[in-house]
Structure formats: structure tokens, C-alpha cells
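Look at the sequence and the structure first, then read on.

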2 protein chains.
Amino acid sequence: MTQFNNATVIKKANVYFDGKVTSRTVLLPDGSKKTLGIMLPGEYEFGTDLKEVMEILAGDLKVQLPGSEEWLEIKESGEFTVPARSKFKLQVAQVTDYCCSYIAD
Amino acid sequence: MTQFNNATVIKKANVYFDGKVTSRTVLLPDGSKKTLGIMLPGEYEFGTDLKEVMEILAGDLKVQLPGSEEWLEIKESGEFTVPARSKFKLQVAQVTDYCCSYIAD
């Protein structure tokens with residue numbers, strides 16, 4: 001799927017880490033929520049509220065999932081899932097374009 | 001208007017200047033096109049194809065419109081219009097959140 005149809009798009013951006021991570025919120029007709037975001041190179045830690053599925057559309061990064069010592073590398077495209085109410089770390093090496101889906105348990 | 005309804009959102013980001021300027025394309029039911037973007041601090045020159053109305057949603061920047069020697073400063077919010085097939089320059093001092101509307105003449 002290369003586009004979302006019949007979507008509601010929140011105009012104002014979500015801005016984190018001095019703008020090195022930004023996203024826009026997209027609400028779909030089925031009630032689900034996604035954010036389309038950009039991460040510039042850097043190291044970040046995020047916390048989740050809901051479960052999150054992070055689809056990488058372009059970029060180069062490593063992710064450390066909660067409870068893991070390992071860093072998973074993703075180049076160009078890939079996906080990882082983060083449990084609800086947890087923290088994960090990212091090392092972003094190249095500008096990364098992502099789509100995050102929020103999943104109610 | 002704080003959101004767009006019944007919109008088509010192109011998933012992949014538009015990326016310029018090594019990711020210091022990025023945007024997402026939103027197509028509205030009336031056939032019009034907008035981009036929702038973020039500019040990090042820096043100096044940029046852009047060229048237009050169609051006429052563009054740039055609405056600043058947050059940020060701090062100066063714009064030099066085509067044919068002008070003056071720099072117009074915008075803080076927090078504002079708007080400027082750039083003619084079709086022209087170039088304009090920006091000096092972005094703080095992370096800037098914008099909505100660009102493309103107007104067919």
C-alpha cells in the first residue's frame with residue numbers, strides 16, 4: 001500500500017528531539033491511527049503506550065527492542081514490533097522514513 | 001482548519017537537503033494538493049512549478065521572495081505566496097512546521 005485513502009490528517013506536526021524526529025498523524029476510516037515520520041541521524045529512546053509496528057520505508061538504522069541486548073539492523077526497508085508500555089532504542093545512521101501503526105491490544 | 005478530512009496521503013516522504021527539509025503529500029477531494037513539511041535550521045533555495053501558498057504553523061524563519069531584496073521574518077505563524085515558476089530563499093532559524101498549498105493558475 002503506497003497511500004492511505006479516506007484519511008484524516010492532523011495538520012500540525014509531532015516534533016521530538018529538536019525536530020530530529022518528526023511525524024504527522026493519520027487517522028483511518030476503521031478508527032486506526034498511524035504516524036508517518038522522519039528520523040535524522042542520531043540516537044533516540046522512545047516509550048510506547050500502545051503496541052507499535054514500525055515499518056521502515058527508507059533509511060539505515062539499528063533498533064534495540066525491550067529486554068534485548070542485541071541491535072537489529074535495518075537497511076532500506078524492514079519492520080519491527082514494540083510491545084505496549086515499553087521502551088526501545090534507535091541508532092539512526094541515515095535519514096529514515098517510517099510508518100508507525102498503533103495497535104490496541 | 002486543524003485537520004484534512006477524506007484525504008489521500010502518500011506514504012513515502014519527500015526528502016530534500018539530506019532530510020533537513022521533508023514533507024508528506026496530501027491530496028484533497030477537490031483535487032487540490034498540499035504538502036505538510038518540516039524544515040530544520042539552515043538556508044535553502046526552492047523553485048516553484050505552480051504557485052505556492054506557504055502557511056507557517058510553527059517556527060522562526062526569513063523568506064526572500066523572487067524579485068525582492070528584502071527578507072520577511074515570520075515567527076510562530078504566518079503565510080507567504082510564491083509565484084509559479086520562480087525561486088525563493090529561506091533562512092530557517094528554528095524548526096519550522098508548514099503547510100504548502102499548490103495553486104494552478
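## A pair within chain A

E73(A) is partly exposed, with a relative accessibility of 42%; buried means under 20% relative accessible area, exposed over 50%, and partly exposed in between (1.4 Å probe, protein chains only). Salt bridges with shared partners link E73(A), D60(A) and K75(A) into one network. A salt bridge is a side-chain nitrogen of Lys or Arg within 4 Å of a carboxyl oxygen of Asp or Glu.

Between K75(A) and E73(A) the N to O distance is 4.0 Å. K75(A) counts as exposed, at 52% relative accessibility.

## How the model is read

This is a predicted model, in which local features need pLDDT of at least 70 and side-chain atom pairs count only at pLDDT 80 or more, while totals for chains, interfaces and linings use all residues. Residues are numbered from 1 along each chain as its sequence is written, chains are lettered from A and ligands numbered from 1 in the order in which they are written, and side-chain values use heavy atoms, with hydrogens and water left out.

## Pairs between chains

Over all chains, the whole structure has 7 salt bridges. One of them joins K11(A) to E55(B), at 2.8 Å from N to O. This pair joins two chains, because K11(A) lies in a loop of chain A, between strand 1 (3-10) and strand 2 (14-16), and E55(B) in strand 6 (residues 51-64) of chain B. Strands (E, at least two residues) and helices (H or I, at least four) are DSSP runs, numbered from the N terminus. K11(A) is buried at 7%, whereas E55(B) is partly exposed at 25%.

In another salt bridge, the closest N and O atoms of R24(A) and D97(B) are 2.7 Å apart. R24(A) is in strand 3 (residues 21-27) of chain A and D97(B) in strand 9 (residues 87-103) of chain B, so this pair also joins two chains. Both residues, R24(A) and D97(B), are buried.
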